Amino acid sequence: MVTRETIASFRNPWFTASVGITAAIAIVSAIVGFVWLPLQHPGERFKGVWDAICSAAGLVRNAASGTQIVRAHYLTTSVEIDPQMLRGASAESIGRGATLALRCTMCHGARGLSQADTPNLAGEYPVTIYKELVDFKTGARVSAVMAPLVADLSDADMRDLAAYYAYLPRVSVPEPAAGEPPRIVASGAPLRGIAPCGACHGEVDSKASAAWLEGQPAVYLRTQLEAFSTGARHNDIGAQMRNIARQMTATEISAASEFYAGRP
Amino acid sequence: MSHLSTSDEGADRGERTERRWATAAVMILALMVVVATFAALYHGAMPQSRVETADPRTLHLGGEFIESNLGSALEPDGSVTVRAIGQQYSFTPSCILVPTDTPVTFRATSADVVHGFLIDGTNINLMLVPGYVSSLGARFDAPGERLMPCHEFCSVGHEGMWGRIQIIDKAAFARMAADQRRLSCVE
Amino acid sequence: MWNSRRLVLAHLWFAFASFGTALPLGEWQMFIRSPLHPWISDPEWYYRSVTAHGTTMAYVFPTLVAMGFGYFVTEHALRRPMVGLRWAWLGFALVVVGTIAAIVPVALGRASVLYTFYPPLIGHPSYYIGVVLVVVGSWVWVALMSINMYRWKRDNPGAPVPFPMFATVAGSYLWAWTAVGAALELLFQIIPVALGWRSTIDAGLARVFFSWTLHAIVYFWLMPAYIAYYTIVPRAIGGRLFSDTMGRIAFILFLIVAMPIGIHHAFEDPQVGSGFKYLHSVFTALVTLPTSLTVFTICASVEIAGRLRGGKGVLGWLKALPWRNPVMLGVALSFVMLGFGGAGGLINMSYPLNATVHNTQWITGHFHLIFGGAIVIMYFVIAYDIWPHLTGRTLDSFGLMRAQLWTWFIGMIVLTFPWHWVGILGMPRRMAFYDYADPAIAAQAASVTMSVGGGAILVLSGVLFLVVLVRGQTAPQTEPAAYRFSVAVRPPRALPAALNGFGLWLGLMVALTIVNYGFPIAHSLATPGTAVPVVEVGERW
C-alpha cells in the first residue's frame, strides 16, 4: 500500500518538488531581501552590492560619527556601573573603611547615623556611596563641603568606605513607616514618566547606584530633588533622576521627602 | 453509509475543488508577500539596514550617546537626527522635539535592559537592546504632541516609563536650532 | 487492552490543574490594570503573576496536553500497547519536578522575568532549571513517539502509518527541534549567569535563540487541536475525513515551515540584519498554507457528515449537522476564532504592518484569541471525547459541556476583540497600571473594562470544564467501545513513501533552519563586545 521508491532521489517527484520549491523560494527571497531591498533603502549609502548584502546579513557596520559630538559645559559622572560591583567586601576592607570613616563622623555620625541634615550612610548600598564619593572628587557632583574631604581619597579608599558603611546597621524608621506612602512614592506618575520610587530605590527592586532612602533627613531629600529638578545636581547617569524630579511638583517633592524621612 | 458514493466522478470533483482551493491559497499568500514588499519599497517601511553596536556601560562616558549629545540635531543637509537612550525607567531626552516635513532619523540604544520605543499613532516602533543601536527613519506631516511609551517589560518600574514627543513647525525648529546644537522639549 | 490509561490521565489532570490555577491569575491581571481597580501598590505582584500565568500556560499546560494526547494516540492508532511506559512516567516526573522548580521562585518573587525570560534581566536559577526539566521531560515523549512509530513500521512493512500517529510524530519532531533554540539560550547563556558563573550576557543573541523557539512553539501548541480536527471531529459527527493525503501534507508543511520563521518576532530588533527579517517574513507567509489546507479538508469532512445526515443544498447541510454534539459545537467555535486570530496573524507577519502593532496590546489580544481561543477550545473537545476511555466511566453532562464551550467562546471574543482595539489605539504591553484619567489614553478605558468582563466569563467557563471532568471521575462505570479515529473517504490506495516517513522532511527542516538562522547566530557569536551586564531581579534589602 505504501509505494516503494527511494525518497532521496531526483526521480522521486516528492523529493524534487519539495526541495526545488523550498530552494527556489529561499533564493528568490534572499535576492529580494539581501540585494534589491537594501539597495532601495532610503537614506542608506552602500559602497556597492557586496556592502549592501553584508549589511543586510547583519554584519556589524558601525556608522561613522558624522556630526561632531556635543560636550556638556558641566562635568557628568565618570563612574561605570556594573550591578555586580562592590559585592562581597572582605573584613579587611571594612576595617580600613572604618578607620577612614573616623573623619566623617562629625557630619555623618559615629555609626553613620547623622544628627544633622546630612545623609545617614549606615546601611547604604555600597555602589551608591562609592559613586557619590567619586563624583564629589571629580566634581561631577558639586559640594563645597565634600570636595576637600575626598580630594585625597584613592579609589581603593572609596571602595573601603563603601564597604564599611554598607556593613553598618541601618536607621530604623518608626513603624508603620510614616503610614501609607503618598501616591507619588507608591505609584509614581506614569504619564509624567515617573516610576514608583521603590522600583529603583530598594523597596520593590534595587537598581545599582540608586540610594536606599528610608530614614534619610527630609531636608536632605528635598534639597537633592530640587537640585535634580533644576539641573544643579547632574551626576545621575543618563539624567534619570533629573527626568523624574523635573516632573514632580513641589508638593510631591515634600510629600516624598517627608515619607522617606519617616515622619507622618 | 449506503449513500456515501465513492464514485470516481465525485472523488475527482472533490479533488479538483481541493486543488483550486490550494492554488487560491498559494496565490493569496504570494500576493500578500508582494504587497508587503512593495509597501516596504514605496513607503520606505523597512527595518534598519545596519547592525550597529554600543556598550551600555560606557554610553555616558564617551561617544554618540553621552547626555549632552542626546536630543535632536539639525544636520547640514537639512535632515534631523534624534539621539536617545532608554534606561530603567525613563527615556533621555524625556521629551523629544522634531520638526514637520523633514526626514528624521531616530538613533537609540538601551543603557541597561531591553526597552521598547513606540511613538503613539505612528509606525515608529523599535526595540532597544543593550549592546546594539536601533535606528529608523521617519517623517512627520503635522505638528502636535504624542505619547512615547516603553512597550517592553523592563522590570518593575516599566509602567512608569512614558516619554513624549513634540512635533513643531519646521521654521520654528530651525530658529531654535540656530541657538542650540541639541534640541529637546524638556523644560 | 491498553496500558497507558493512567499515564494519559496523569498528564491531562496535571495539565488541567495547572490551567485551572493560571486562569484566574490572568483575570486578576486584567482586573488589576483596568480602570476598575486602583493602581496596585506593589507593581512587582503584577509582573510576578504575568510570569506565573505565562510560564504555566505556555510551557506546562500545552506540553502536558500534547504529551498525554500523544500517548493516547500511540496506543489507539497503532492498536497495540505502548513501548517505553516506564520512560514515559520518567518524562512525566521530569515535567512535574520542573514545574515545581520553576514556579516556586516565581511565587516567591525571585523570578519575575516573564515567560519570555528577557535577559539581561535574570531571576533565580531554579526558575530556568525548572523550565529546562520540563523541556527534557517532553523530549522523552518525543523519543517515545518516534520509537513507537518506527517499531510499528518495522512490524508492518509496506503499510501506511495510521494518520493520527503520523501527525503526532510530526508534531513531536517539530517540538524537539524548535525547543533547541530556547534550550541553547537557557543552557549556554542564562543559566550560567543565573548561577553566577558569568556576569555578562549577549542580550541580542539570546533574543535570536528565543525567537527560534517562540514561533514554532505555537505550532506545537496547535498540533493536538489540528490532530483532533482531522482524526476526531469527522468520526465524532458521523462523517469521514475528506483526504488523508492532504492531511499528511499539511502536517509535513508545518514540520518544515513552522520552525525557521521566528525572526518575525524580532522585526524591530536591532541585532538582526534586514535581509533575514525579509527571508523570515516570506517563509511566515508560507506557513499559512497548511492552515488553509486544513480549513478546506475539515470543512469538506464536516460537509460530508452533514450530507450523510440528509442535508441538502449549497449551505443546507449546515442545518443537518449534529449541533448538540459538543465536538461539533467545539470545532465550529474553534474555526470562527481561528479565522479572526489567523487574520491577525497575517497582519503580524509582514514588517510594514507589524510595526504598527508590535508590543502593543494587539499582540496580547492576538495570541489569546488564537491560542487561548481556537486551540484551547479544542483541548477541551479532546478531553471530552477521550475522557470515558481514560476513566472507564460515562461522561454525559452534554448540556454542561455545551455551556462550557459557549462560555469559553463568548468570553474569548469579549476578552480579545476590545483587546485588539486598544492595541491599535497604541496601548503598550505589560504595564501594571495605566493612568486612564489622562485624556491621552482615556479612550482605552472602556475597552479594557470590556475585556475584564470577557475574562470573568472565561474563569466561569474554566470552572465548568473542571466540573465536567470531575463529574466524569465520579460517574458510574462503563465499558466504552474501542476507541476509533476518523476514517478517510478513500483509504490511501498507493501512499507515496515520502508521505509515510520523515527523513526528507526533517532534512528540509534542518536545512532551512541553517539557512535562516545559521548566519545570524554564527555571526552574533563571533562579534565581540556585545555582552552586557546582567541585571538581577527580585533583590530586596
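# Briefing: chains A, B and C

The domain assignment of chain A gives domain 1 (13-57), domain 2 (91-167) and domain 3 (183-261); such bounds come from an automatic or database domain assignment. This is a predicted model, in which local features need pLDDT of at least 70, side-chain atom pairs count only at pLDDT 80 or more, and totals for chains, interfaces and linings use all residues. Residues are numbered from 1 along each chain as its sequence is written, while chains are lettered from A and ligands numbered from 1 in the order in which they are written.

**Chain A: overall build**

- Chain A has 12 helices and zero strands. Helices (H or I, at least four residues) and strands (E, at least two) are DSSP runs, numbered from the N terminus.
- The radius of gyration of chain A is 29 Å, whereas a compact globule of 264 residues would have one near 18 Å. That radius is taken over C-alpha atoms, and the globule rule is 2.2 Å times the number of residues to the power 0.38.
- Along the principal axes, the C-alpha atoms of chain A fill a box of roughly 90 × 55 × 45 Å.
- Of the 264 residues in chain A, 44% are buried. A residue is buried if 20 or more other C-beta atoms lie within 10 Å of its own, exposed if 12 or fewer, and partly exposed in between; C-beta atoms are placed from the backbone.
- Take the contacts in chain A between residues at least 6 apart in sequence: 66% of them join residues at least 24 apart. Two residues are in contact if their C-beta atoms, placed from the backbone, lie within 7 Å.

**Chain A: domain 2 against domain 3**

- The C-alpha centres of domain 2 and domain 3 of chain A are 21 Å apart.
- Here 14 residues of domain 2 of chain A are in contact with 13 residues of domain 3 of chain A. The domain 2 side divides into four nonpolar, five polar and five charged residues.
- Ala, Val, Leu, Ile, Met, Phe, Trp, Tyr, Cys and Pro count as nonpolar, Asp, Glu, Lys and Arg as charged, and the others, Gly among them, as polar.

**Contacts with chain C**

- Between chains A and C, the contact takes 41 residues from chain A and 47 residues from chain C. On the chain A side, α1 (13-40) and α2 (49-57) each supply at least two residues. The largest share, 14 residues, comes from α1(A).
- The side of chain A that touches chain C holds 25 nonpolar, 12 polar and four charged residues.
- Between chains B and C, the contact takes 53 residues from chain B and 58 residues from chain C. On the chain B side, the elements that give two or more residues are α1 (8-42), β7 (115-118), β8 (125-128), β9 (132-139) and β10 (144-149). The largest share, 13 residues, comes from α1(B).
- The side of chain B that touches chain C holds 31 nonpolar, 15 polar and seven charged residues.

**Strands of chain B**

- Strands β2 (residues 71-74) and β3 (residues 80-87) of chain B pair in the antiparallel sense over four bridges. Strands pair if DSSP finds at least two bridges between them.
- B:S72 stands opposite B:V82 in β3(B).
- Five residues separate β2(B) and β3(B) in this hairpin, and B:G78 in the turn has a positive phi of about 90°.
- Strand β11 (residues 162-168) of chain B is largely enclosed by the rest of the structure, because five of its seven residues are buried.
- β11(B) pairs with β5 (residues 95-99) of chain B in the parallel sense over five bridges. B:L97 stands opposite B:Q166.
- β11(B) also runs antiparallel to β10(B), joined by six bridges. B:G144 stands opposite B:I167.

**Buried residues and cores**

- A nonpolar core is a set of buried Ala, Val, Leu, Ile, Met, Phe, Trp, Tyr and Cys residues joined through C-beta atoms within 7 Å.
- The largest nonpolar core has 307 residues; C:L174, C:F254, C:L255, C:I375, C:I377 and C:F380 touch the most other members. Helix α6 (residues 203-231) of chain C gives the largest share, 21 residues.
- A second, separate core of six residues includes A:F34, A:A52, A:I53 and A:C54.
- Beyond four places in sequence, C:I377 is in contact with C:G330, C:L333, C:S334, C:L405, C:W408 and C:F409.
- C:V142 lies in helix α4 (residues 125-155) of chain C. C:V142 counts as buried because there are 22 C-beta neighbours inside 10 Å.
- Not counting residues up to four places away in sequence, C:V142 touches C:S172, C:Y173, C:W175 and C:A176.
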